[in-house]
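Welcome! Here is a short briefing to read alongside the sequence and the 3D view.

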Amino acid sequence: MTAQPDQTGTSAGRIIISVDAMGGDAGPSVVVAGISKSAKKNPEIGFILHGREDVLRKLVARRRVLDGRVAFRDSPDVVTMEDKPSQVVRSGKQTSMWSALDSVREGEAHGAVSCGNTGALMALSMMRLRKLPGVNRPAIAILWPSRNPQGFNIMLDVGADVRADAKDLLQFALMGASYARNGMELSRPRVGLLNVGTEEHKGRAELKEAHGLITEFAEKANFEFVGFVEGSDIPGNKADVIITDGFTGNVAIKTGEGTASLIGDLLRAAFKYSLLSRIASVLAITSLQRLRKRIDPRQVNGGIFLGLNGTVVKSHGGADPTGVSAAVKLAFTLAKSGFAEKLAARVASTVELAQDDGHAASQAEQ
């Protein structure tokens, strides 16, 4: 595990978030505006900003709420959205992304946030922080608006790796359940495995095998396995955690984002159609604002990288200050709960259980 943060450069007692200030489409001004929003809402947060120090100091100086709450790490280079992960791993030591992860690695910060290149961030995270013992493939987990009382479901993987075998899917279930307990305060989360149907005979061989493995470990790991779920259950109330491979998950979230955008455009066009519809839109303004906030992706911006020795949150590349603030809030919430340590303990205990089961089976065969 990484060392415990030592509060370097910030007020003692705060949760320190390491921020790649140069990643993303909008540049450091939006990132600084985002952490400023977080600072206003939460006095317990402090920051380490990584990037061109001369630029960042000027931006931070304009935000009085950040006085005494920001440390700087000068990093002259930037990982662009076009950079290949392999290239960044080989020659990205001077980048703000590399530096942000090293602050977690060295124990200066409780977690890292970046709006930068997803592939590069995952590759660097695996190299600098390393995978938890027993984890084969890390996963990216996101929050999806749902009909559940908590308002959101967790889905993973959504793009860390396009492949996942049965054992990977079992680990995703364990990590997703731990995230639900620590990030959403669900004491016994319900986990569903995404498939083309809910019948146990449907789906690929690895899905059927994963179904058996998750069923076996659910009680030991203190979650409820509801079996196979379908695409319509992703925003539903049948499960709190949806498990799938990275290819399927990534297609699903981008389809969802596109559909939400289309619905928004259609609603705007409908309310502009006639004078009566414009009047109706004025009368319904409160309800429309509530709906907009409810499905606003900025409010739950941030995918958490699960399976690493440290907390890393990937913010959307085009995030505005509200989106950056949401990603920081997620990193803060997980850090304060001790999520990284709890997840490591959960994965380790499950590996031991699997080894014990394998040893018992071997003894029975002899």
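The structure holds 14 salt bridges, a salt bridge being a side-chain nitrogen of Lys or Arg within 4 Å of a carboxyl oxygen of Asp or Glu. Side chains of opposite charge can pair when their charged atoms come close. Please keep in mind that this is a predicted model, in which local features need pLDDT of at least 70, side-chain atom pairs count only at pLDDT 80 or more, and totals for chains, interfaces and linings use all residues. Residues are numbered from 1 along each chain as its sequence is written, and side-chain values use heavy atoms, with hydrogens and water left out.

**Arg 73 and Glu 108**

- Arg 73 and Glu 108 form a salt bridge, with 2.8 Å between the closest N and O atoms.
- Because Arg 73 sits in strand S3 (residues 70-74) and Glu 108 in the loop between helix H4 (96-105) and strand S4 (111-114), the pair ties together parts 35 residues apart in sequence. Helices (H or I, at least four residues) and strands (E, at least two) are DSSP runs, numbered from the N terminus.
- Arg 73 is partly exposed at 22% relative accessibility, while Glu 108 is buried at 16%. Buried means under 20% relative accessible area, exposed over 50%, and partly exposed in between (1.4 Å probe, protein chains only).

**Arg 137 and Asp 161**

- A salt bridge links Asp 161 with Arg 137 at 2.9 Å, N to O.
- Asp 161 belongs to the loop between strand S6 (152-156) and helix H6 (166-183), and Arg 137 to the loop between helix H5 (118-128) and strand S5 (139-145), so this pair ties together parts 24 residues apart in sequence.
- Arg 137 is buried, with a relative accessible area of 18%.

**Arg 204 and Asp 245**

- Asp 245 and Arg 204 meet in a salt bridge at 3.6 Å, N to O.
- Asp 245 is buried at 10% relative accessibility, whereas Arg 204 is partly exposed at 41%.
- Elsewhere, salt bridges that share partners join Arg 137, Asp 161, Arg 163 and Asp 168 into one network.

**Strand S4 and its partners**

- Gly 111 and Val 113 point one way from S4, Ala 112 and Ser 114 point the other way, and all are buried.
- S4 runs parallel to strand S1 (residues 15-20), joined to it by four bridges; two strands pair if DSSP finds at least two bridges between them. Asp 20 stands opposite Ser 114.
- S4 also pairs in the parallel sense with strand S11 (residues 311-314) over four bridges, where Val 313 is the bridge partner of Val 113.
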